[in-house]
Amino acid sequence: MEFAAFAERVDEIEREPSDLGTIGLLAALLADADALATVARFVQGRVFPAHDGRKLSVGSATLHETIARAAAGSVTAADVEERLATVGEIGAVAADYEFGAQTGLGSFGGGSTDPLTVEETQETFAAVADAEGDGSADTRSDLLFGLFNRADPIEAKYLARLVSGEMRIGVGAGAVRDAVAEAFLDGAETAETTEMDGATEDEETAASLDQFAEDNDDATEKDDDVDDEENTDTAVPTADPSTAAVAAVERAIQVTNDAGRVAVVARDEGRAGLAELGLAVGRPVESMLAQAGTVSETLSDWETAVVETKFDGARVQVHAAPDGDDGLAVRVFSRNLEDVTDALPEVVEHAQRHLAAPAILDGEVVAVDDDGEPLPFQAVLRRFRRKHDVRRVREEVAVEFHAFDCLHVGEPFDIGVFADAGLPSAPPVDLLDAPLRERRAWLEAVLAGGVATATETADADEIERLEREALAAGHEGLLLKRPHSTYDPGDRGADWRKRKPDVETLDLVVTGAEWGEGRRANLLGTFEVSVATGSAEDGSAASGEYAPVGKVATGFTDEALERLTERLDPAISETDGQTVTVEPTTVLEVGYEEIQTSPEYDAGYALRFPRFLDVRDDLGVADADTRDRVERLADEQ
């Protein structure tokens, strides 16, 4: 597929105001794409599958220099940055320039007159990610220059966005899921059924378009601000795939963490092929998450709850596979799906020593002092960030692994281990659909040490006692889980609930700040915090749109302000006196006493007595709390 054709189709999607229209256009693009897996990733701003640890490692300065170098005329990186300050988005900046003027040896392959293709673009990105060692920065710049030098303005627009990791076309994981279902499941099944009934392809198409038009009559979020008269100017195919088709695609994406692969399987093998997809040791999946909740609501909803300690640590996924020598090869992944194996040798050793079978485990890594008492979250981050001299840092900051779930179990080394626990000697491969009680039984059978304590109870007083014990031991609080809950990767549903004492918290994105005064004049001291305006449920929280919900100026130490200032300074995009605008890169955990409606902030709500609690290094901005959740919390008050 030529990249120009991809860019034109994506540009049409970006301009489409309707949700159903967006999915319809996206489904049509996927159906036409020969480089389907890559296209399904590109539309989300992904160069590689979500589980793939490779990164382009191209900073904004390198990108600006590369665009300037490839642009016709005497353009400098400073020109690009000045234009960016005015336009506000690197894709639009790149689209302002003409490219393709440089030829010869200096163009580093950019002198080709052949059209740039999606496949070639992906191959170049892979080479950029693989570049390492001395001179790797120049290599990455030269490779990207080769792409930009062959691009027309609209191609350059989306090349720049892909390099920066933000497509900004209003397409999240939910839209891709629905488009795959529409393009390869519902459409294909409709065609087969229609053929059996003796209908022609034209009749099927006409019927489908009639249904699309009927579906598009329903109000959607993107339709609200669009004049009906404008919608009649062009015929945009819309889509509203069936619940069953969407569920099949959703499940396949959950277990593979790769929408590109799922799209190919859906196209080539249909629903039966998707059903065959499963977990794989060494390929991490997203963690299941918890909502905030109260004990009374929880017991009212479920009658009983499984109560676990909420550790002040970092979420990890442990993958253990046979190493070919009667042992286990172990890899450890962070919540962001990064491979952190080398930084956590204790976790590897623990799994190799205590696992009775290959497995995928979900758990928490907690930093502890010499007496085994838990240390604050910042201590464990020192281990996660360490790439060199791990042995020395290991002596300074020890960690413990607490496992609380089991997602996959392989053949045991000793069948008697499972028989003694009353479990089948030949275990199921994947346990995602097993109820929590059953997964806990497998966990306790497969792991001989380090299993987090869980108590099932219907007694609110007992839960309060367990909470006091957890807090006294230095932990954050409690997690309450529905006993029959399945494990849904990436889901923040109502089946898991977190309970924290005293203050309610939100995870909010920093979108602005103000410089301090006096001795803090060189530090950012007040931070504008925002919620994602999309929905976490349909994946649109990752669309990059945020609405302020308050300003945080308390709870900071001088050290915390120094770290935040250093972290946010490269992300400052505009300055107006003491106030700066910050690109969304950082998530803060913010405590508050109450949520109030307020016309002062774009979110429509304001936090009463907001207070900084922590930097959520373990969360990306796509994981931040949404306006929908703030609205629900306000209603529950």
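This is a predicted model: local features need pLDDT of at least 70, side-chain atom pairs count only at pLDDT 80 or more; totals for chains, interfaces and linings use all residues.

Residues are numbered from 1 along each chain as its sequence is written, and side-chain values use heavy atoms, with hydrogens and water left out.

Q: Why is D618 called buried?
A: Its relative accessible area is 13%. Buried means under 20%, exposed over 50%, partly exposed in between (1.4 Å probe, protein chains only). D618 is therefore buried.

Q: What makes the D618 and R616 side chains a polar contact?
A: They are joined at 2.7 Å. The definition asks for a pair of N or O atoms within 3.5 Å, one able to donate a hydrogen and the other to accept it.

Q: Which residues is D618 in contact with, leaving aside its neighbours within four places in sequence?
A: R335, N336 and F377. Contact means heavy atoms within 4.5 Å.

Q: How do you know that the buried residues of α15 line one face of the helix?
A: In α15 (residues 295-302), V295, T298, L299 and W302 are buried. Seen down the axis, they fall within an arc of 90°, so they line one face. The arc is taken from the directions from the helix axis to the C-beta atoms. On the other side, S296 and S300 are exposed.

Q: In which helix is confidence lowest?
A: In α11 (residues 201-216), at a mean pLDDT of 37. pLDDT is the predictor's confidence in each residue, from 0 to 100. The protein averages 86. Helices are DSSP runs (H or I, at least four residues), numbered from the N terminus.

Methods:
Helices (H or I, at least four residues) and strands (E, at least two) are DSSP runs, numbered from the N terminus.
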